[in-house]
Amino acid sequence: MGLDISKIRGLFPVLHQEVHGKPLVYFDNAATTQKPQVVIDALTKYYATDNSNIHRGAHALADRATRYFEDTREGIQRFINAREAAEVIFTKGTTESINLVSSAFGRKFVEKGDEIIISTMEHHANIVPWQMLCEEKGAILKVIPINEDGEIIFTEFEKLLTPKTKLVSIVHASNALGTINPVKKIIDAAHSIGAKVLLDGAQSANHLQIDVQDLDCDFFVFSAHKLYGPTGLGILYGKRDIFESMPPYQGGGEMIKEVTFEKTTFNEIPFKFEAGTPNIADVIAFKAAIDFINDLGKDEIRAHEDELLSYANEQLTQIKGFIPVGTAKEKVSVLSFNINAMHPYDVGMMLDANGIAVRTGHHCTQPLMKRLGLEGTVRASFAVYNSKSEIDKLAEGVSRIARIKNK
Amino acid sequence: MSSIEEVQDEIVSEFEILGDDKESTIYYIMELGGSLEDFPDNERFEENTIKGCQSKVWLIADEKDGKVHFNADSNTDITKGLISLLLRVLNYRSPEEIINAKLDFVERIGMGSIIGSQRSNGFASMIKQIKLYALVFQTKQNA
């Protein structure tokens, strides 16, 4: 039994509007997904009935808010199959999660001459923190090359691994191309020489079953807003023993056990890494998003999205002037492309005039674009509420734009 | 030669004909880009690009008989159209006219809602750069 897409669409109020006089077709899901009514309601309910600071208040509201907050942590633990809820840290987003690891893990474990490995297809958020760390420590950043289809070259990766490799930080699924990396193989190879692995799950957590124990990754990071949840909330999963060996990231309230002016002792994980009042409302509302995904079933969602991707490929490849970018065998529902001799900005704007929302540009992956010899691409990315008839509209729009240029 | 105000009125009435249809408006802007004169390849370097534009825009200027002559190009068709609109109003005018020009057509045609906020910032950068060139030529004339 497939999913009832029109029923699912009904749960997302934002989808039911016109843009420039045309019904909205929202294909910018890799940037952020829309929010179902249950998530919006959970936010409103928290502020209307439960608002309180958590973990310390000696009153009913604080107790309730704390319970809901920790419920989300447990929900995420189950969602990614972490061993325990304490291995789930709340941050501002994927970017902050990576920065937390580069600061706290990097400060302690990376030294002069050590090596960190990333890939050509990383988002700037998984490049710049490591560059900053390498500069500070005198460490070396190495980059796994990719082939023409946009897949990493595994044998080249193996050659980069040395006893000096401290960390491999790699994207699970590429935001610009959709490529799903062979992360299990990468993790095994990295572990065999004693390196740790961080997986950037910003584009995978929404589409793939995530089992951090089975993957055996040391860190896994993602953002709530790409999983039908609120903005401004990220997740950092890490193995307990590694977290415990890391110094805190920021100092403040919540992360301490005891403070005297002479010395401060730090709290246990997860609180050690959650200084200050956290983003309580969004954490609580994120639980509704996780439940929404679990209720539909991740495998069912993936099957629907895969079907959309292959349908989009079928429809668009027939159009003269359509150039797909990123043709990996394993992909999440991201379709990057260009139209012959047209700048992606122009294509994006013309699609927008037809009510179709896509992303255009370098997608925060400038080194990848440089490697592919492109200024940027047009990216259509699909979520559970998208339909084939919307893809027909995209194909119609692309075909019209391509015709002007081919005139 | 029509005055700056007259040219702006012309542009406004052309856009009025297009009405609210966003797609036709964009096609029209792209077509306008075709009217730009050829841009010399040897001038396509970093110093001649306008900072603050997401797409690449090259702009050069020289002076002839007290008037400023601009030549511009871009790697995107819409941006070419936008700069051609500006040059239609401001090309071959005295530095003083350019500096004092009130470009009210931008608001009158609702440029902000046609091109969105990011491109509007780029468009503002183009205007700034054109006026900056005019200022340089005015300073030279007065020297």
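In chain A, strand β16 is joined by three bridges to strand β17 (residues 377-381), and the two run antiparallel; strands here are DSSP runs of E with at least two residues and helices are runs of H or I with at least four, numbered from the N terminus, and two strands pair if DSSP finds at least two bridges between them. Residues are numbered from 1 along each chain as its sequence is written, and chains are lettered from A and ligands numbered from 1 in the order in which they are written. This is a predicted model, in which local features need pLDDT of at least 70 and side-chain atom pairs count only at pLDDT 80 or more, while totals for chains, interfaces and linings use all residues.

**The sheet**
- Thr360(A) has Val378(A), in β17(A), as its bridge partner.
- Chain A has an open, antiparallel sheet of four strands, in the order β13-β14-β17-β16.
- Its edge strands, each pairing on one side only, are β13 (322-325) and β16 (359-361) of chain A.

**The whole of chain A**
- Chain A contains 14 helices and 17 strands.
- Its C-alpha trace spans about 75 × 55 × 35 Å along the principal axes.
- Of the 407 residues in chain A, 51% are buried, meaning that 20 or more other C-beta atoms, placed from the backbone, lie within 10 Å of the residue's own.

**Confidence**
- Chain B averages a pLDDT of 91, and 99% of its residues score at least 70, pLDDT being the predictor's confidence in each residue, from 0 to 100.
- For the complex, the predictor gives an ipTM of 0.86 and a pTM of 0.93.

Technical notes:
A residue is buried if 20 or more other C-beta atoms lie within 10 Å of its own, exposed if 12 or fewer, and partly exposed in between; C-beta atoms are placed from the backbone.
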